[in-house]
Amino acid sequence: MDERKIILSGIKPSGDLTLGSYIGAIKNWVELADQYDCFYMMADLHAITVRQVPADLRRRTLAQIAQYIACGLDPEKNTIFIQSQVPEHTQLGWVLDCYTMFGELSRMTQFKDKSAKNADNINAGLFTYPSLMAADILIYQADLVPVGEDQKQHVELTRDIAHRFNTIYGDVFKLPEPFIPKVGARIMSLQTPENKMSKSETDNGGCVCLMDKPEAIMKAFKRAVTDSETSVHFDRENKPGVSNLMQIYSVATGSTFEQIQQEFAGKGYGDFKVKVGEAVVEMLRPIREEAERILADKAYLEKVYREGAEKASYAARKTLRKVYKKVGFVQ
Ligand code: TRP
């Protein structure tokens with residue numbers, strides 16, 4: 001029996017993966033594979049709560065898998081799959097809809113934000129998104145869910161739903177916990193460093209994507225917002241732009257903040273921004289090249305997501321069968 005703890009996480013292929021998702025998430029997932037049973041999904045079902053261009057969604061879903069692998073997630077050690085190819089998610093999702101309260105869903109911050117931003121398309125899927133997310137997590141009996149701060153509320157709700165279900169039917173679901181890897185750094189926008197780097201900021205230069213060409217990366221860093229001082233030192237509060245660049249440079253080069261301060265003592269921000277840009281170009285170059293190579297190898301990519309879906313489905317079916325039986329469906 002495998003006693004290892006189970007991890008599940010997902011990213012919606014509604015935009016390209018950013019430097020923020022690499023440094024804050026994916027990079028830290030690589031070494032988890034030795035200790036945990038890891039499931040990583042392309043959350044395409046969640047992506048369509050907002051209108052998508054079909055061809056783009058398909059392309060980004062495959063590109064996301066290629067980038068995961070290029071970032072070091074070994075498909076032999078991790079289960080990498082596409083959410084819509086594992087029908088058990090939607091099957092459990094419906095059941096959980098019936099154990100999730102209207103009031104709970106109404107209180108979700110992401111729902112409120114997204115309905116304000118998409119006032120012309122406040123669809124039912126946007127509303128019930130958290131119970132599908134609960135299904136994603138509970139169906140694998142996940143112990144830990146690596147997520148950013150913005151998703152903690154959904155994991156809390158997942159626990160509430162699981163607890164409610166368990167109270168009625170006995171121990172069916174394991175209660176998951178949000179998991180923030182200790183080395184995880186929060187990468188902020190290059191244009192508005194008070195906000196998290198987001199894929200919605202590709203046009204204004206606030207965000208850098210993993211597949212960006214060196215020229216685009218350099219341009220974004222040269223234009224990065226700093227402050228009116230001239231000294232490179234770490235102060236999140238008063239120097240959010242410079243501190244963010246230091247954080248990025250530290251991850252890209254392995255230097256400590258102390259060393260970075262010394263390296264740029266007496267130099268201007270111009271120099272510093274160019275150096276950070278160059279370090280990021282070199283950090284991302286092998287990832288981009290490897291991802292491009294994998295994307296071109298259609299047969300390999302297909303093998304990865306087919307096997308991933310099979311493994312995921314096998315694990316998911318176990319939980320689904322139990323749930324169907326408990327609620328009274330004919331076996
Ligand atoms: N809701 C997450 C986001 O918007 C994506 C997601 C979907 C997810 N299902 C999940 C994350 C399950 C962790 C676990 O980023």
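This is a predicted model: local features need pLDDT of at least 70, side-chain atom pairs count only at pLDDT 80 or more; totals for chains, interfaces and linings use all residues.

Colleague: Now the ligand. Which residues come nearest to the ligand?

Modeller: There are 14 residues around the ligand, and those that come nearest are Lys 12, Met 41, Tyr 129, Asp 136 and Gln 151.

Colleague: Take Lys 12. How many Å is an oxygen atom of the ligand from an N or O atom in the side chain of Lys 12?

Modeller: That spacing is 2.7 Å. On the nitrogen side, an N or O atom in the Tyr 129 side chain is 2.8 Å from a nitrogen atom of the ligand. Asp 136 also has a polar side-chain atom 2.7 Å from a ligand nitrogen.

Colleague: And how much of the ligand does the protein bury?

Modeller: The protein buries 92% of the 370 Å² that the ligand exposes when taken alone.

Colleague: Which element gives the largest share of the shell around the ligand?

Modeller: Helix 7, with 4 residues. Helix 7 covers 124-138, and both it and strand 1 (6-11) supply at least two shell residues.

Colleague: Switching topic: how many aromatic pairs does the structure hold?

Modeller: It holds 16. One of them joins Phe 165 and Phe 173, with the ring centres 5.1 Å apart and 55 degrees between the planes, a tilted pair.

Colleague: Are Phe 165 and Phe 173 buried or exposed?

Modeller: Phe 165 is buried, with a relative accessible area of 0%, and Phe 173 is buried too, at 5%.

Colleague: Back to Tyr 324, then. Which residue forms an aromatic pair with it?

Modeller: Phe 329. That pair is edge-to-face, with 4.9 Å centre to centre and 75 degrees between the planes. Phe 329 is partly exposed, with a relative accessible area of 41%.

Colleague: Last one: which residues do ring pairs link into a cluster?

Modeller: Tyr 99, Phe 165, Tyr 169 and Phe 173.

Conventions:
Residues are numbered from 1 along each chain as its sequence is written. Side-chain values use heavy atoms; hydrogens and water are left out. A residue is near a molecule or strand if one of its heavy atoms lies within 4 Å of it. A polar contact is a pair of N or O atoms within 3.5 Å; within protein, one must be able to donate a hydrogen and the other to accept it, and residues adjacent in sequence count only if both atoms are side-chain atoms. Accessible areas come from the Shrake-Rupley method with a 1.4 Å probe; for residues, only the protein chains shown count as cover. Rings of Phe, Tyr and Trp (its six-membered ring) pair if their centres lie within 6.5 Å; planes under 30 degrees apart count as stacked, over 60 as edge-to-face and the rest as tilted. Buried means under 20% relative accessible area, exposed over 50%, partly exposed in between (1.4 Å probe, protein chains only).
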